[in-house]
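Open the model in your viewer and keep the selection panel at hand. We will go from one stop to the next, selecting as we go.

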Amino acid sequence: MKKLINAVEDVVKDSLAGMAAAHSDLIKVHYDPDFVVRADAPIAGKVGIISGGGSGHEPMHGGFVGKGMLDAACPGAVFTSPVPDQMLAATKAVNGGAGVLHIVKNYTGDVMNFELAAELAQAEGIEVATVVVNDDVAVKDSTWTAGRRGVGTTVLLEKIVGAAAEGGANLADCTRIATKVNDHGRSMGMALTSCVVPANGKPTFELGENEMEIGIGIHGEPGRTRMELKSAREIVEMMAEAILTDLPFASGDNVLAFVNGMGGTPLIELYIVYNELAKLCADEGITIARHLIGNYITSLEMAGASITLLKLDDELTRLWDAPVHTPALRWGA
Amino acid sequence: MLITAGHVIRFLERVAQIIHTHRDELTLLDANIGDADHGTNLDRGFAAVVSKLPTVADKDVGTILKTTGMTLISTVGGASGPLYGTAFIRAAGVLAGLETVNPEQLVAALEAALEGIQTRGKAQRGEKTMIDAIAPGIDVLQAAQGTDEPFLAVAERALAAVEAGMQATIPMLATKGRASYLGERSIGFQDPGATSSFYIAQALFTMLQEAAAQADAS
């Protein structure tokens, strides 16, 4: 499989070096342990907001470090959770004395490694709170699974909580807002093709020419059902129904609609998805008050898309609209 | 039979070798029901352990195992880093300060390691994880305690139980870890974590053969 890389073992470091070279006004990259940190960190009196996870989901999380969003991001190897040393070092680097919030996507490895890091940071006297994002409706939330995965809502949560921290919210308030976003966000993804992990060099799974995978995660892990390819309208209907009935969303709700590309799907197709979603929401009496369309939480070169709906209230809307200036997301600043 | 720090060092080198040899196989198993990184992650972690061994070669068994666990936590990532790392650190706690280890102490260390994995992973038997390979082996070791059966023979039966436990994960439905997202579709695949645990158990058995041979010779 062809990749635009120098060497498999250098993929993450070379990419981080590129970010550092491009965005030195916004971020700094620290190596061994690896983390991306705001150029002006630590900010005295501000709650530090940290996230992290396996690489391969760019721009998440490193691309979201900057004013009004994350203070630091810890990238692991491709699709592999970062290790506690990284989160511990990042936590210390952003600690401005007001505590640090860890935003963790609900994957067994991420949760365990962040848990170890939080224990170590607390042992060093830093107050740490943790919010686990688990918004993927494709996974049954029961004692029979590791619980729902953290997917699209993570991006929205990082923006909204980042704005709250920038505005001076304390750690308890940041945690409350983060929990609210997670409680009100739901996502579902689908794939047309697999992705290729650089270290493996071949597709993680095989999909036939006329097949798609519904309920896909963001690591090339197979979804729940494989079926014959359908039209964008039918696919969006299936995904939206699963999302809408889960919260449930109701007529009169204001939502933030996030149509996300998995890395290999062109924007022309994402707008087709958005169009179908907008029509469906209108039919249900749901107002799309805000939207985000593009590749923000990806799965390497996978073709496919995910839909996230976040139910908005005044507080979340105001925080979404607040200025943000990061490598991948910027408005009002 | 006495296990020395030198035996433990060679055991860890052997684990690194065997994981490296089976790296692609472990990753492939992980591609079936997980995220296709188990072999590469463990290979990276145990290579790092081997590079650290010269710094602890003259230390006690507990220190060697603690360093191993800390190194795995710092280099592996994923779920297997914290799980195997915790296992080695718990075993190190039982063997702290010891220059040599007897079979009873080894069994106690393995029990602590399993308990550590269960606590960190919040998993039990029958959930299609490494626990399903490790626990049956420890059952055999515990059942044989206080009997006359030579420890090496017990260990050989324990290794067979680990292998059978690994194979028994094939028809299981995963309810922990990333494979659980597949639901019914996780059935029919061997668990990669159980498989790497079997390879580590193999290296452990080879270490015991070595220790037993030296005990006979002396």
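**Stop 1: where the chains meet**

Select chain A and chain B together: the contact takes 26 residues from chain B and 30 residues from chain A. Here two residues are in contact if their C-beta atoms, placed from the backbone, lie within 7 Å. This is a predicted model, in which local features need pLDDT of at least 70, side-chain atom pairs count only at pLDDT 80 or more, and totals for chains, interfaces and linings use all residues. Residues are numbered from 1 along each chain as its sequence is written, while chains are lettered from A and ligands numbered from 1 in the order in which they are written.

Now colour the helices of chain B. Helices (H or I, at least four residues) are DSSP runs, numbered from the N terminus. Which helix of chain B gives the largest share of that side? Helix 4 of chain B does, with three residues. By class, the side of chain B that touches chain A has seven nonpolar, 13 polar and six charged residues. Ala, Val, Leu, Ile, Met, Phe, Trp, Tyr, Cys and Pro count as nonpolar, Asp, Glu, Lys and Arg as charged, and the others, Gly among them, as polar.

**Stop 2: a helix pair in chain B**

Select residues 61–75 of chain B, which are helix 4, and residues 80–94, which are helix 5. Their axes come within 7 Å and cross at roughly 165 degrees. Axes are lines fitted to C-alpha atoms, for helices over the stretch in contact, with angles from 0 to 180 degrees between N-to-C directions. That crossing makes helix 4 of chain B roughly antiparallel to helix 5 of chain B (the term covers angles over 145 degrees).

Show the side chains next. Among the residues that meet are Leu65(B) and Met70(B) in helix 4, and Tyr84(B) and Phe88(B) in helix 5. This helix contact has ten nonpolar, six polar and one charged residues.

**Stop 3: the domains of chain A**

Select residues 10–184 of chain A for domain 1, then 185–319 for domain 2. Domain bounds come from an automatic or database domain assignment. The C-alpha centres of the two domains lie 23 Å apart. In chain A, 26 residues of domain 1 are in contact with 31 residues of domain 2. Helix 4 of chain A gives the most to the domain 1 side, with seven residues.

Terms used. Helix = DSSP H or I, 4+ residues; strand = E, 2+ residues; numbered from the N terminus. Parallel < 35°, antiparallel > 145°, perpendicular 65-115°, else oblique.
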